[in-house]
Amino acid sequence: MITWRSIARTFQRHHAPFRAQVRQLSLLEQHSHKLLQEFKLPVPPGFLVTTPEQAKQVVSVINGPSVIKAQVLAGGRGKGRFSSDGQSGVRRVESPNEAFRNATNMLGYYLTTAQTPQDGLKVDKLYIYKAVSIAQEFYFAMTFDRQHTAPVLLISSSGGTNIESNVDKLHKLYFGLSTGITDEIDAYIQAELGLSDSEMKDIHQILVQMLKLFKEKDATLLELNPLVRSEEGEFVCLDAKFGFDNTARYRQEELFGLEERSPEQEEERRLAELGLNYVRLEGNIGNIVNGAGLAMATNDLISLYGGKSANFLDVGGTTTKQALSKAFGILKKDERVKGILINIYGGIVRCDMIAEAIVSAAAETGGFKCPVVVRLQGTNSEKGLKLIKQSGLDNLVVEPEFEKAAQRIVKETPSVE
Ligand code: GDP
Ligand code: MN
């Protein structure tokens, strides 16, 4: 069966830039740190802040060099760029005042990394801890190798933000969930990483705890990167990534309760509850359409004429005033939307009814501030278009032909520089 969502996915695949639709559990740092702590894995004690004043205060309590990290559900922050000052999402600060200044340039701004959408993700929380002086960065991960249907350890002595370009330096070790971290595994790791006996003792403990977490929490991925050896000779995990089996959702209620949805995911979920199908895209033309096929065709025509859609928004078969009000509300809140195309096919519901719904929903949500092109097709479409023309609503134009309607909205929408 062709579902609406599968069409949206296909569209996204073919029309770059892409937006990853990851449905794995994502955890923000404050939660992943808690989870690591619960399993006695060493993490620096951190503080979550939401204002520059709090950032300043935390760093004055830490009383030394500190690290400030943007809390977003995407990696690559250390190499990311903020919309404010072009600096990254992981920053070292030396003083409370420097913390204040940096937090001011992070909170409320967008961070773009290799793993975020082009426009980045908005940052409204920061995580701060005392800076660790790093002697060496390691990469330690535990996951399932599907080909071998066995759990595997991935280890590297060149961890950190360049791990992708160092994959050839990864050591791969298969192990058994019940046999665990054996002497053989320890011996191999110690030799490959060149660790002293006492260092290896610490690493063994870390691996044992990693495995415990992995098993008890139904993880499919547990990645510590970087796990660092500090100048003082202690091992500390500075960043971690988790993957959990979605089917474990019911067994791991507490864990999934911590799940953080991105604002976009949250929006999609809310809308689905209202019977609206919504997927955010990267452009500036908002579309309100009924039916998946029409949504697809509309987006295609818009790109054909050089425009870019900001979303899919399928109001569903009945196209009620209620659904349209919701749809208008969403597009209004989306600052990127600079033009709207309403493209409705009146099948079961007559076009004059739909026109009435459009007009009253528009009036209810306070009219339109950007150009809106309406195209109605089907039973009573002429009557419907006439109703809209006569409504006296600002910025609203009607265009009975599909191609012309798409062309027109592309022309009317101010292009983004
Ligand atoms: P990511 O870029 O989103 O994966 O963020 P990470 O939390 O992994 O941080 C990126 C990099 O910042 C790490 O690989 C470290 O090199 C560096 N970093 C993070 N915390 C500290 C710290 O306490 N001290 C130092 N010297 N570097 C740090
Ligand atoms: Mn990292």
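Author: Lys212 lies in helix 6, helices here being DSSP runs of H or I with at least four residues and strands runs of E with at least two, both numbered from the N terminus. Lys212 counts as partly exposed because its relative accessibility is 37%; buried means under 20% relative accessible area, exposed over 50%, and partly exposed in between, with a 1.4 Å probe and protein chains only. Along the chain Lys212 and Leu177 are 35 residues apart, and their C-alpha atoms are separated by 9.5 Å.

Before we go on, a word on how to read all this. This is a predicted model, in which local features need pLDDT of at least 70 and side-chain atom pairs count only at pLDDT 80 or more, while totals for chains, interfaces and linings use all residues. Residues are numbered from 1 along each chain as its sequence is written, chains are lettered from A and ligands numbered from 1 in the order in which they are written, and side-chain values use heavy atoms, with hydrogens and water left out.

Now follow the chain onward from Lys212. Between helix 6 (197–216) and strand 11 there is a loop, and Asp218 has its place there. Asp218 is not a glycine, yet it has a positive phi of about 55 degrees. Asp218 counts as buried because its relative accessible area is 18%. Strand 11 has something to show as well: Pro226 lies in it, and a cis peptide bond, with omega of about 0 degrees, joins Asn225 and Pro226.

In the side chain of Arg77, an N or O atom is 2.8 Å from an oxygen atom of ligand 1. Val132 takes part through its backbone, where an N or O atom lies 2.8 Å from a nitrogen atom of the ligand. The side chain of Glu137 has an N or O atom 2.7 Å from an oxygen atom of ligand 1. On its own, ligand 1 has 570 Å² of accessible area, and the protein covers 83% of that; such areas come from the Shrake-Rupley method with a 1.4 Å probe, and for residues only the protein chains shown count as cover.

Elsewhere in the chain, Thr116 sits in the loop between strand 5 (110–112) and strand 6 (121–122). With 12% relative accessibility, Thr116 counts as buried. Its side chain reaches the backbone nitrogen of Thr113 at 2.9 Å. If you leave aside neighbours within four places in sequence, Thr116 is in contact with Ala74, Leu111 and Leu121, contact meaning heavy atoms within 4.5 Å.

Have a look at helix 9 too. An α-helix has 3.6 residues a turn, so residues three or four places apart point the same way. Just after helix 9 comes Gly306, with a positive phi of about 90 degrees.

Another positive phi, of about 65 degrees, belongs to Asn395, which is not a glycine. Asn395 is in the loop between helix 12 (381–389) and strand 19 (396–398), and with a relative accessible area of 38% it is partly exposed.

Finally, stepping back, you can see the whole chain. The chain has 13 helices and 19 strands, and buried residues make up 50% of its 417 residues.

Notes: Polar contact = N/O pair within 3.5 Å; in protein donor to acceptor, adjacent residues only side chain to side chain.
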